[in-house]
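Subject: The structure we talked about

Hi,

Here is the structure I promised to send over. Have a look at it first, and then read on for my notes.

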Amino acid sequence: MHSIYQRINGISALLSSCLLALLAAIALSSLAIQATRPSAAASLSAVSLKVYKEQAERFRGKRQELAFYTFDYEADLTPLFDWNTKQIFLYLSAEYTNAQGVKNDVVLWDRIVRRKRDAKIKIKGVKNKYRFRELSTSFSNVSPANFTLKYNLMPYVGVLTYGEAGRTPNAIPFPPAETSVKP
């Protein structure tokens, strides 16, 4: 005869095994769906890019350059939503190479899309959300930047998926720095 503790242990082991098998089936079916899913479509255009000189935050008496930009984009992320999609993290990044030859990928703006009905996005005249500065304190002798709209698909159960929704057709050069900050 088994004690009550042995019976509870047997039932909980069975339930946890069934739950693990169910979660594994959900994760595998999500991978199969992602393989056949069409990609997101987006058009991205930078309206303006300006560089200003400003007082450095951490070093008194030292000036650094900050870049401010305005962009328009239109994206349709509805193909990325299915029954296992929790949310999509959408972000804009600038890719450029500095004067020392180091490739930089800087996140400038982001948004979380939680519902399929909010997945068709059309935005005009958006300014940068985060500071865009070069560690060498100057954007002179820096290669032109490619702006890319990327996403991270977060499922309820399964593997995170990264992708690219759109990019600017041409690289955008950094203009010479102006003296006063007027974004």
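This is a predicted model: local features need pLDDT of at least 70, side-chain atom pairs count only at pLDDT 80 or more; totals for chains, interfaces and linings use all residues.

A salt bridge here means a side-chain nitrogen of Lys or Arg within 4 Å of a carboxyl oxygen of Asp or Glu.

**The chain as a whole**

Starting at the N terminus, the order is α-β-β-β-β-β-β-β-β. The radius of gyration is 23 Å, well over the 16 Å that the globule rule gives for 183 residues, so the chain is more spread out than a compact globule. Along the principal axes, the C-alpha atoms fill a box of roughly 85 × 40 × 30 Å.

Of the 183 residues, 36% are buried. The accessible surface is about 11300 Å², and carbon and sulfur atoms account for 57% of that. As for contacts between residues at least 6 apart in sequence, 69% of them join residues at least 24 apart.

**The helix end**

Helix α1 covers residues 4–36, and Ile-4 belongs to it. With a relative accessibility of 56%, Ile-4 counts as exposed. Together with Tyr-5 and Ile-8, Ile-4 makes a nonpolar surface patch of about 390 Å².

**Salt bridges**

How many salt bridges are there by this rule? The count comes to six.

One of them joins the side chains of Glu-95 and Lys-150, at 3.1 Å from N to O. Glu-95 sits in strand β3 (residues 85–97) and Lys-150 in strand β7 (residues 146–155), so this pair ties together parts that are 55 residues apart in sequence. Are these two residues buried or exposed? Both Glu-95 and Lys-150 are buried.

Back to the pair I began with: Glu-164 is partly exposed, at 40% relative accessible area, and Arg-167 is partly exposed too, at 36%. For reference, partly exposed covers the range between the buried limit of under 20% and the exposed limit of over 50%. Which residues does the salt-bridge network link? Its members are Glu-95, Asp-105, Lys-150, Glu-164 and Arg-167, so please look at them together when you open the model.

Another salt bridge is formed by Arg-115 and Asp-118, whose closest N and O atoms are 2.9 Å apart. Arg-115 is partly exposed at 42% relative accessibility, and Asp-118 is partly exposed at 34%.

Strand β3, which holds Glu-95, pairs with strand β4 (residues 103–113) in the antiparallel sense, over 10 bridges. Across this pairing, Ala-94 stands opposite Val-106 in β4. Five residues lie between the two strands of the hairpin, and Gly-101 takes a positive phi near 90° there. As background for looking along these strands, side chains in a regular strand alternate between the two faces of the sheet.

If you want a place to start, open the view at Glu-95 in β3, find its salt-bridge partner Lys-150, and then go on to the hairpin of β3 and β4 with Gly-101.

Best wishes

Terms used. Residues are numbered from 1 along each chain as its sequence is written. Side-chain values use heavy atoms; hydrogens and water are left out. Patches are made of residues with over 30% relative accessible area and no salt bridge: like charges are joined within 9 Å, nonpolar side chains (Val, Leu, Ile, Met, Phe, Trp, Tyr) within 5 Å. Accessible areas come from the Shrake-Rupley method with a 1.4 Å probe; for residues, only the protein chains shown count as cover. Helices (H or I, at least four residues) and strands (E, at least two) are DSSP runs, numbered from the N terminus. Buried means under 20% relative accessible area, exposed over 50%, partly exposed in between (1.4 Å probe, protein chains only). The radius of gyration is taken over C-alpha atoms; the globule rule is 2.2 Å times the number of residues to the power 0.38. Contact means heavy atoms within 4.5 Å. Two strands pair if DSSP finds at least two bridges between them.
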